Amino acid sequence: MSAKWEINKTRFTENIRNVIKDYPVIAVIKNNAYNFGLEFTIDCMTACGINYFSTTSLEEAIMIRRLKADCNIFLMNPTTEFDTIRAYNIEMTLPSPEFYEQYKHNLDGITVHLEFENLLHRSGFKTLECLQAFINQYKASESNMHIKGLWTHFGYADEFEVNDYHEERQTWLDVVTHLIEVHNFEVIHSQNSASFMREDGLLDAHTHLRLGIILFGARPYASLPPSTTEQSLRISSHVIQIRKIKQGESAGYSFAFTALKDTRLAVIDIGYGDGILRTRAKHDCMINGKRYPIKALMMSHMFVEVDETVQPNDTVYIYHEAMRIDEYTFKGVGANSEQLSALNHHTLLTEVTA
């Protein structure tokens, strides 16, 4: 018996196809494709017609290139490994005029996307005027750097209680409107999964969506129906034994669980060492189609309070299409990407089904 990561390839691929429809997409596959694996994910996405990929890691960008020689790759973080960028034909963000001034003699032959800071304040050119001045400077120079793209990130697209998304959206659209008059951008992208759903399509003058979590089966905000995107992932383990605990007795390290009544506990061989978040263990799991409360989490095990129907060797699901990652996101466990990124592929047995 072993804790298992199980992915249905057909369901995963069909979900991508259903989500993207006919829209041009830059697929965000950072952090090992949200832990789904780069090779598996690129294979499925290519089958759906996606040929543009994005990540935050140069090492991952190189891996993507080795897996798919003819795709477009956009590196969302800047790097000074300019020879590597050229050798692997990777596009990269240009985060500021200061970065350009420092490295302009190293940027010949490199393709960049100009980044606008917007309300996220993570990186990027601060104002429209700053971008306009830079483009004018670029056109007057003899630079062989190629400005291909223009992009930003919406940090508030999944927030509905404030007006920040409307503000960052309008500010960005003003930037786009002015800049397309002075430069012919081949690629303009800003929309994450939440923005795509809120807008029901591409924003004006945009060439691509830039989608991440929704392609992996998780909703970006709670008001979307579950049918918006289908989860194809299961995380499971097994009951290794049943322990009967009397009222007042404790189980687990440092009195992790103390029984308020005589209790039947299933010992499950999965724990935080496998990447199960402690916040996830405040909720339930599923055994034989029924949900049971998790009572304690350890590095390699957990205790679950069960009834007489649960027996050793029964399969236990922590995530399943009937208990989705986004369900626990909306219960406060952590972001969709946080739950996925935590999962430990060094200890989980990976199984891909057709």
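This is a predicted model: local features need pLDDT of at least 70, side-chain atom pairs count only at pLDDT 80 or more; totals for chains, interfaces and linings use all residues.
Residues are numbered from 1 along each chain as its sequence is written, and side-chain values use heavy atoms, with hydrogens and water left out.

**Stop 1: the second largest cavity.** Select F36, F216, G217, A218, Q231, L233, I325 and L340, which line this cavity. On a 1 Å grid over the protein atoms alone, a cavity is a set of points where a 1.4 Å probe fits but cannot get out; lining residues have an atom within 4 Å of a point. Grid points are joined across faces, edges and corners, and a volume is the space filled by probe spheres set on the points. Colour the lining by class: 6 residues are nonpolar, 2 are polar and none is charged. Here Ala, Val, Leu, Ile, Met, Phe, Trp, Tyr, Cys and Pro count as nonpolar, Asp, Glu, Lys and Arg as charged, and the others, Gly among them, as polar.

**Stop 2: the largest cavity.** The structure has 2 cavities of 30 Å³ or more. The largest has about 40 Å³ of space. Select its lining: E115, F116, E117, L120, R122, S123, T152 and H153. The classes here are 2 nonpolar, 3 polar and 3 charged.

**Stop 3: the largest pocket.** A pocket is an open set with protein on both sides within 12 Å along at least five of seven lines. Next, show α2 (30–34), α9 (193–199) and α11 (336–342), the elements that give two or more residues to the lining. Helices are DSSP runs (H or I, at least four residues), numbered from the N terminus. The lining divides into 12 nonpolar, 13 polar and 5 charged residues.

**Stop 4: α7 and α8.** Select residues 128–140 for α7 and 164–179 for α8. Their axes (lines fitted to C-alpha atoms over the stretch in contact) come within 10 Å and cross at roughly 25 degrees. So α7 is roughly parallel to α8, a term for angles under 35 degrees, taken between N-to-C directions on a scale from 0 to 180 degrees. Now show the contact (heavy atoms within 4.5 Å): L128, L131, Q132 and I135 of α7 meet V175, H178 and L179 of α8. Of these residues, 5 are nonpolar, 2 are polar and none is charged.

Methods. Angles under 35 degrees count as roughly parallel, over 145 as roughly antiparallel, 65 to 115 as roughly perpendicular and the rest as oblique.
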